[in-house]
Amino acid sequence: MNVKLWPTSLAARTSLFLLMVIMLAQLLSGFIWYQHSSEKDKQGLITSVNSLAMSASSTIAFFQTLPSEYRHLILNQLRSMGGTRFFVSLNSHKITLNTLPNSERKNLVINEVTSVLEKELGTLPNMDVDFTLRKDLKVFNKELSIDELPLLWAHYSLSLGDLNPPILVMQIEVAQDEWFYLAAVLPAPYVNLETSYFDLREWVTLFFSALFLLACTSLIVRKEIRPIRNLAKAATLMTSRLKVPEVKEEGSAELRAAIHAFNKMNRRIKSHINDREMLFGAISHDLKTPIACLKLRAEMLDDDNERERFTRIINDLDLMVKGALQCIKETDIHEEIEPIDIIALLEHTKTAFGGPSDRITLINTQSQPYIGKPLAIKRCIQNLIDNGIKYGNKVDIELFDNPECLQLAITDHGEGVDKETLDKLFEPYFRMNPNNEIQGNGLGLTISQSIAKAHGGKLELSITDTGGLCALLIFPRD
């Protein structure tokens with residue numbers, strides 16, 4: 001089974017191309033937006049952290065001005081009041097933190113806070129700035145968990161509901177065995193430190209928006225190519241010589257112009273066909289009477305030689321007129337197309353020819369029905385079989401069927417022809433042995449070729465390895 005990775009229809013190819021363009025455009029615009037938002041977000045984060053660091057430095061500077069014995073008193077009063085921005089304590093040592101892994105944003109914030117503190121507070125002996133999670137936060141000298149403290153002491157400044165945001169912890173050694181401890185949550189909207197620009201919801205939104213655009217585009221494309229499909233169908237019917245209705249003029253201006261030209265051509269062809277039928281009908285009617293009169297006059301001649309000579313000439317003239325009219329009639333058969341059982345048709349043709357059973361041999365009698373003109377196909381095959389029997393005594397018919405086309409190879413057992421003669425066999429009135437006893441007017445192959453072309457197919461002649469002639473009929477299944 002052949003799997004087509006790339007679609008062939010115009011609607012599918014256009015829709016797939018537009019989908020790729022839409023997805024590429026969205027990814028490109030998303031990347032540009034991400035870069036812009038990332039830079040803007042980084043600048044906002046630096047500004048917010050700078051403000052936070054300035055507040056922290058002011059708080060530290062204030063406590064540095066207080067006498068040592070008053071510092072714990074002020075801290076207890078602040079805790080009782082609540083509402084401060086930081087959780088502040090004064091410890092006897094630096095508390096070890098479970099820090100977060102390094103990242104660009106984390107290092108950016110730490111460097112900014114450290115820079116501001118050094119600038120505002122001057123050179124300090126020891127300073128440690130880092131991030132930890134709220135659940136891992138330890139406070140006071142006993143390194144208690146933040147959740148073990150009274151709500152008024154800590155939760156008002158570090159609690160954000162069910163969130164577990166990173167906590168910025170600043171520890172500065174203000175004196176020997178005195179570490180000033182400040183813990184704070186980053187200001188909104190940078191609470192989580194790392195900003196997620198594309199989460200699952202954004203990706204789903206992008207996907208469904210692209211799908212919606214693709215569906216709308218597909219509907220528009222299908223509507224626009226419908227006139228093209230109708231035009232192609234009408235052109236296919238015209239090649240089969242069926243009655244072709246006029247195509248509705250719709251679609252774009254260029255397409256309407258093409259359909260208008262096709263309809264005009266269709267009307268002109270119909271007019272030519274009608275004129276031709278009228279012409280040959282008139283010729284057939286007008287020539288019958290003069291030919292009959294000439295035959296009668298020839299019979300009245302006294303000289304036997306003259307009578308025989310004129311009779312032969314008149315018979316040749318009558319045969320030529322009948323052959324020409326028969327050629328026009330049989331290659332322009334007015335009948336509707338329908339499914340044809342090729343196997344049954346071949347069996348019927350074999351029976352009609354009669355004679356020995358081995359005169360016509362059928363090979364590979366498996367075939368799907370073919371859509372065409374039954375009477376025309378029958379005449380086409382009969383002419384080829386008749387020629388094969390006349391010049392080759394026996395005929396082998398081999399059938400090849402596939403989804404693309406139906407092929408019939410009709411091979412005789414004659415002596416064959418040379419290549420120069422092979423090219424002339426389709427010419428009207430051409431006969432290989434014009435003076436022998438074989439009857440015919442030399443129009444059989446011409447008629448068969450015309451019928452094959454009328455069905456969109458072709459007839460090819462070739463010389464076999466044994467010297468016989470092979471006629472290959474090819475009918476496409478479109």
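Setting aside neighbours within four places in sequence, Ile-342 is in contact with Ser-367, Tyr-370, Ile-377, Leu-399, Leu-406 and Leu-408; contact means heavy atoms within 4.5 Å. This is a predicted model, in which local features need pLDDT of at least 70 and side-chain atom pairs count only at pLDDT 80 or more, while totals for chains, interfaces and linings use all residues. Residues are numbered from 1 along each chain as its sequence is written, and side-chain values use heavy atoms, with hydrogens and water left out.

**The cores.** Ile-342 belongs to the largest nonpolar core, which has 36 residues. A nonpolar core is a set of buried Ala, Val, Leu, Ile, Met, Phe, Trp, Tyr and Cys residues joined through side-chain atoms within 4.5 Å. Buried means under 20% relative accessible area, exposed over 50%, and partly exposed in between (1.4 Å probe, protein chains only). The members that touch the most others are Ile-342, Ile-377, Ile-381, Ile-397, Leu-408 and Leu-473. Among the elements giving two or more residues to this core are α8 (342–353), α9 and β8 (360–363), and α9 gives the most, with 7 residues. Helices (H or I, at least four residues) and strands (E, at least two) are DSSP runs, numbered from the N terminus. A second, separate core of 30 residues includes Leu-66, Ile-110, Val-113 and Tyr-190. In soluble globular proteins, nonpolar side chains tend to be buried together.

**The sheet.** In which order do the 5 strands of the open sheet lie? The order is β8-β10-β11-β13-β12, with mixed pairing. At the edges stand β8 and β12, each with a single partner strand, so one side of each has no neighbour in the sheet. From one strand to the next, the twist averages 20 degrees. Two helices pack on this sheet: α8 touches β8, β10 and β11, and α9 touches β8, β10, β11, β12 and β13. The direction of α8 makes about 165 degrees with that of β8, and the direction of α9 makes about 20 degrees with that of β11. Such angles run from 0 to 180 degrees between N-to-C directions, with axes fitted to C-alpha atoms, for helices over the stretch in contact.

**Helix against helix.** Helix α9 (residues 374–392) also packs with α11 at an angle of about 145 degrees, their axes 9 Å apart. Ala-376 and Ile-377 are among the α9 residues that meet α11, where Gly-444 and Leu-445 are among the partners. Gln-449 is found in α11 (residues 444–454) and counts as buried because its relative accessibility is 18%.

**Strand β6.** Why is β6 (residues 178–185) called largely enclosed by the rest of the structure? The reason is that 8 of its 8 residues are buried. Glu-178, Phe-180, Leu-182 and Ala-184 cover one side, with Trp-179, Tyr-181, Ala-183 and Val-185 on the other.

| Strand pair | Bridges | Facing residues |
|---|---|---|
| β10 and β11 | 7 bridges | Asp-396 and Thr-411 |
| β1 and β6 | 5 bridges | Phe-87 and Ala-183 |
| β5 and β6 | 8 bridges | Leu-168 and Ala-184 |

Strands β5 and β6 form a hairpin with 2 residues between them, where Asp-177 takes a positive phi near 60 degrees.

Key: Two strands pair if DSSP finds at least two bridges between them.
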